[in-house]
Structures are given as C-alpha cells and as structure tokens.
Amino acid sequence: MGRALRLSALLALPALLGGCNLVVLSPSGEVARRQSDLVMISTALMLIIIVPVMALTIFFAWRYRAANKEAAYEPEWSHSTGLELVIWAAPLIIIICLGALTWAATHLLDPFRPLARGAVERTVAEAERPLEVNVVALDWKWLFILPEYGIATVNDLAAPVGREIRFRISASSVMNSFYIPALAGQIYAMPGMETKLHAVIDQPGDYRGLSANYSGAGFSGMRFRFRGLSAEDFQGWVSEVRGSAQALDRPGYLALERPSENVPARHFSRVDADLFDAIVNMCVEPGKMCMHDMMSIDAQGGLGVAGIGNVQRLAYDRGAGRGRALFPERTVVSSICTLPGPSAERPWREPVNPAPLAGAGLLRPLSSRLLPLAASRPPAIPES
C-alpha cells in the first residue's frame, strides 16, 4: 500500500508542476525573454557535459561491479591519450562557448543601456520618447513617479505595450531590489544613489512586481501591480490617476516615507517636479544640504578652517545608529551661504583679487612667507 501511494505521488508530480507559472522562463518583456534564452542556452551547454558524466558513472558502476567476471581487468593501466583528450577538450570548449555567450549578453543586456542602441533586436522608434518612471523603494512600499504626466502612485504602475520604459531607481533608507519578473531582471535600489533599467513590455497583461532583497519586517508585503496596456488604455489609466484628490509634495512624501506594511495602492494627481532628485540627493527635509551641493563644495576644496564647526551628524539610516560602536560618527556640512542670482548691478564674474588667500584671520602659509625672503637674499659665495 505504501509503495503504491509513493508511486501515485510521483506520477502526480508532473501534473502539479504543470500548474506553476514559470514567468521567468516564459516572460512577456523583450529584455526578460532574452535573459530567459541566456539561462536556457547556458543550461543546455552545461548539460552536454553533465548528462554524459552522470550516465557514464552509472555505466561504470554497473559494468565493473565485483560480480561481473566478464569485465576487462587491467591492473597495470595508467594512461590513455584519447581519454585525456576527451576529458580536457570537451569542458574547455564548453567554457569558451559559455564565456563568449555571457560576455556578449552582459553588454547587450546592460540595464543602463537604452534599447534603441541595440540591447535587443527590437528597434525603438526614434520619434517615440521613452516613458520615464522614477522608482523609490520605501519601507515597505514602492513609490512611482511619472514626470511626463506629473503624477505619482504607490504600489501601482502601468506602461503602454511596445514603448520603451526608462526606470530611474533609488531608495529612502535601506537597500532593496526592484524586480518585475515578466519585464526584466532585478536591479538594486540604494539610498543616495541612482540606478537605471531599460525595458519594454510586449504583451498586455497584469503582472506582479516585488522586492527581491530582504529589507525588514514588512518585506513580504512589499509587492506591487504592473500592467501592460494599450496606448488608449494607458491614457485612461493616467486620467484615472489624475482624478485623485491627493497631491504629493515634500511634506507629504516625508509622511509617506514612514515605515508601513501591506500598503494598498494610492494615486497622486500632482507631484513636486524636483521630488525625485531631492530623494536621490537626500535633501527632502527643509534646510538640509543636498549631496550634489556638498560634493561641489568638496570638489572646490571645502569650506576651509572657518567651516570646521558648521557640521551636523549624518543620519541617513533613520536613527538606526548602525556601526556606532566601531566607527566614529560621520558629519555633513550644516549650511552654507549662496551667492545671489545675476543682475545688472552684480554680474556673475567680478574682478578677482590677485592677492593670495589668507583664510579667516590666519597668517599666510609659512612656505609662501619664506619664498620672498629667500629671493631677496644675495647668492651664497662658494667656499674655495
């Protein structure tokens, strides 16, 4: 009875697996389809070696078992040129093929590479602009901003079929991974950084998006809906979002940014045009200096000695205090005075004072003070 039950379960396994949705191997986006082909071809190439090895293992175990007295017995055998050639040549050829295939696919399917430049065979019309989607991974939800239409959504996204999509991806606190299996491969979202992904959906449908990198308690509910729509249906979806009474400004984003789990879809009819750039530069909060301004100051030599006390603690991880026990607290410039805009009375370019900079009440460097003295001294007379 037990044997019959195990046999029935084994026979039922293919039927159960037949109900699985293997979206990774049967995607609806061109980029994901190419990635699926890469997986299948690589697997087939490796099976060329694996299958014969497994079959020969069983054959040798059966052929040269102790009970088989007819098998050839050669205790002095030590070398075979033909066997060595097969053992080394076959894997080498497979490795060369895999390396060439992977190298080509890695460059052609680069997520930063626009589709119009040959990432896939499909040619994107030059007159058709890509649909730009700004993606922000929050705790624990996804924020999508469509700057072309001036709208934003939470855990809900749509795109027209056949139109290239250009994702700009970032995060608010910890690292996440943006992933729509039917569209393209996953790509990481990190705070203070921007990654890109180019893709296109070829078939209309309702697809699933998720986070593929564990990011805390609400990770399991960090999923969203992605729809591939016709051009007319996509315009209808945009009109639906614009019909919302909510707008997303910077104070609204700071409230949305707070951790929450299993968040339903939300729509915003208007969005701050500079919100995504402020998120990437970590300066959504009022009065906080943006990273690009700070990097510009550093590139020009910093604020000097006068700005030593003009700093505050860098806290991008929402007060988690990670690493405090091992590393000192990192600080950022707190504020800086900016020049007024150009006008007739105050042009951008003012006369430059050729005198060397002395700092805030500091003496000139010792080397610059000694050089004039050295120049004024008479030349030394060599000793006879």
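**Close-up views of a predicted model**

**View 1. A helical stretch, residues 38-62.** The end C-alpha atoms of residues 38-62 sit 36 Å apart, and this span is 100% helix and 0% strand. Keep in mind as you look around that the model is predicted.

View 2. Find the loop between strand 9 (205-211) and strand 10 (223-229), and you will find Ser215. Is Ser215 buried or exposed? Its relative accessibility is 10%, so Ser215 counts as buried, the cut-off being under 20%. Leaving aside residues up to four places away in sequence, Ser215 touches Trp140, Val174, Met175, Asn176 and Met222. With one of these, Asn176, there is a polar contact between side chains, at 3.1 Å.

**View 3. Helix 4 and its buried face.** Helix 4 (residues 231-242) has 12 residues and reaches 17 Å from its first C-alpha to its last, close to the expected 16 Å. Which residues of helix 4 are buried? They are Phe234, Trp237, Val238 and Val241. Looking down the axis of helix 4, you would see these buried residues fall within an arc of 100°, so they line one face of the helix.

**View 4. What helix 4 packs against.** The buried residues of helix 4 pack against several strands, among them strand 1 (131-138), strand 2 (141-146) and strand 3 (151-154). Strand 4 (156-160), strand 10 and strand 12 (266-268) are also packing partners of these buried residues.

Technical notes
Residues are numbered from 1 along each chain as its sequence is written. This is a predicted model: local features need pLDDT of at least 70, side-chain atom pairs count only at pLDDT 80 or more; totals for chains, interfaces and linings use all residues. Side-chain values use heavy atoms; hydrogens and water are left out. Helices (H or I, at least four residues) and strands (E, at least two) are DSSP runs, numbered from the N terminus. Buried means under 20% relative accessible area, exposed over 50%, partly exposed in between (1.4 Å probe, protein chains only). A polar contact is a pair of N or O atoms within 3.5 Å; within protein, one must be able to donate a hydrogen and the other to accept it, and residues adjacent in sequence count only if both atoms are side-chain atoms. Contact means heavy atoms within 4.5 Å. The expected span of a helix is 1.5 Å times one less than its number of residues. The arc is that of the directions from the helix axis to the C-beta atoms.
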